[in-house]
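Work through the exercises below with the sequence and the model open. Each task is followed by a solution in steps.

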Amino acid sequence: MDRRDSEHYRAAGVDIDAGNALVEAIKPLARATARAGSDAGLGGFGAFFDLKAAGYRDPILVATTDGVGTKLKLAIATGNHQTIGIDLVAMCVNDLVVQGAEPLFFLDYFATGRLDVEKARIIVAGIAEACRAVGCALIGGETAEMPGMYREGDYDLAGFAVGAVERGQALDGSSVAAGDIVLGIESSGLHSNGFSLVRRVVEQAGLDYRAPAPFAPGTSLAEALLRPTRLYVKPCLAAVKAGGVKALAHITGGGLLENPPRVLPPGLAAELDARRWPLPPVFRWLAETASIARQEMARTFNCGIGMVAVAAPVDVARVTRALVDAGERVHEIGKIVPRPAGAPGTVIAHWEAAWPG
């Protein structure tokens, strides 16, 4: 493309030079995520990953893709972009680990109407930070500048992660049986689900995102709501390595009601006791402020439990110790029971004693 063509393209709203500047700015961020099997370099048309160099003998690959939903709207509205990249990685790699897979590499897709290099660099810095935290290489991605597609200041994010597990060692929940114990691992807050409802509650309550959060003294509402999704990869892998984990479920879209059944064999259900873990203030505030019914709360939000593990009673102490030693707060929140025909896959008992509604 000669200079005249480049100027015409810039006049149409696409700045190739800005895109090149972003690539140069994020190369050090990507290099910092390098791990065995990948050099985490940017600039090619594709990226290689050497599974043998990563230590695998007979691996099965596991792939996930996700975004952060309308939590982006809150980040855009408040100008707080530092942690939204952490959310993006977490939503993908937390889905990988529930199958016993170690995340190996990550790619991101960033789309906007007009590329702001510094804003994009901050977002990618969050992605790189999360990748380093879980031992996952940031090996590439795509930056799309599409004037006319997005309003000024808007952007979208998507992520793609690939992991591996040795053949025969994947978690599929097939060994889960009635009488097994359900362990709940605490969330860090809302994570990245339910934000369309959250933003509506804030709007109807007439609140300013810059004002103190009604449920978190000393923190602005924006900061409290944007708290990043917890990264469960290393604690869960440690628990799997310790032995005894039969299944893991990431409590994401669909909340506590719809996610645990995804890892249970037919004919079984998860019976949870809402008195067995604390309902964090942000969820209590949402329920009380907007009079959200308990059923909707449990189907929309994680309600304080971001990941679920299932283990036989004899293995509960060992699994719990591995998770606690890795920095997690764990509660024994229920058990696996036979599921009558037509009954729901998750039953929450005693929530009237623990949750508003």
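The model is predicted, so local features need pLDDT of at least 70 and side-chain atom pairs count only at pLDDT 80 or more, while totals for chains, interfaces and linings use all residues. Residues are numbered from 1 along each chain as its sequence is written, and side-chain values use heavy atoms, with hydrogens and water left out.

**Exercise 1. The whole chain**

Solution. 
Step 1. Count the elements: the chain has 13 helices and twelve strands. Helices (H or I, at least four residues) and strands (E, at least two) are DSSP runs, numbered from the N terminus.
Step 2. Compare the radius of gyration with the globule rule. The radius is 22 Å, close to the 21 Å that the rule gives for 357 residues, so the chain is as compact as a globular protein of that length. The radius is taken over C-alpha atoms, and the rule is 2.2 Å times the number of residues to the power 0.38.
Step 3. Take the box along the principal axes: the C-alpha atoms fill roughly 70 × 55 × 40 Å.
Step 4. Turn to burial. Of the 357 residues, 51% count as buried; buried means under 20% relative accessible area, exposed over 50%, and partly exposed in between (1.4 Å probe, protein chains only).
Step 5. Look at sequence separation in contacts (heavy atoms within 4.5 Å). Among contacts between residues at least 6 apart in sequence, 84% join residues at least 24 apart.

**Exercise 2. Aromatic pairs**

Task: How many aromatic pairs are there, and which parts of the chain does the pair of phenylalanine 49 and phenylalanine 105 tie together?

Solution. 
Step 1. Apply the rule: rings of Phe, Tyr and Trp (its six-membered ring) pair if their centres lie within 6.5 Å; planes under 30 degrees apart count as stacked, over 60 as edge-to-face and the rest as tilted. The count comes to six aromatic pairs.
Step 2. Classify the pair of phenylalanine 49 and phenylalanine 105. With 5.4 Å centre to centre and 40° between the planes, the pair is tilted.
Step 3. Phenylalanine 49 is in the loop between α2 (16–31) and β1 (59–66) and phenylalanine 105 in strand β2, so the pair ties together parts that are 56 residues apart in sequence.
Step 4. Check burial: phenylalanine 49 is buried at 18% relative accessibility, and phenylalanine 105 is buried at 15%.
Step 5. Phenylalanine 283 lies in helix α10 (residues 281–290) and phenylalanine 301 in the loop between α11 (294–300) and β10 (305–311), so the pair ties together parts 18 residues apart in sequence. Both phenylalanine 283 and phenylalanine 301 are buried.
Step 6. Look for a cluster: ring pairs link Trp277, Trp351 and Trp355.

**Exercise 3. Positive phi**

Task: Serine 291 has a positive phi although it is not a glycine. Is serine 291 buried or exposed?

Solution. 
Step 1. Locate serine 291 in the loop between α10 and α11; its phi is about 50°.
Step 2. Read the accessibility: at 63%, serine 291 counts as exposed.
Step 3. Cysteine 303 sits in the loop between α11 and β10 and is buried, at 0% relative accessibility.

**Exercise 4. Buried loop residues**

Task: Which residues does each of glycine 100, aspartate 154 and valine 263 contact, leaving aside neighbours within four places in sequence?

Solution. 
Step 1. Glycine 100 is in the loop between α4 (84–97) and β2 (102–112) and is buried at 12%. Its contacts are Val165, Leu171 and Leu237.
Step 2. Aspartate 154 is in the loop between β3 (137–145) and β4 (155–166) and is buried at 15%. Its contacts are Ile76, Ala111, Thr112 and Gly113.
Step 3. Valine 263 is in the loop between α9 (255–258) and β9 (268–273) and is buried at 17%. Its contacts are Asp172, Gly173, Val176, Ala247, Leu248 and Ala249.
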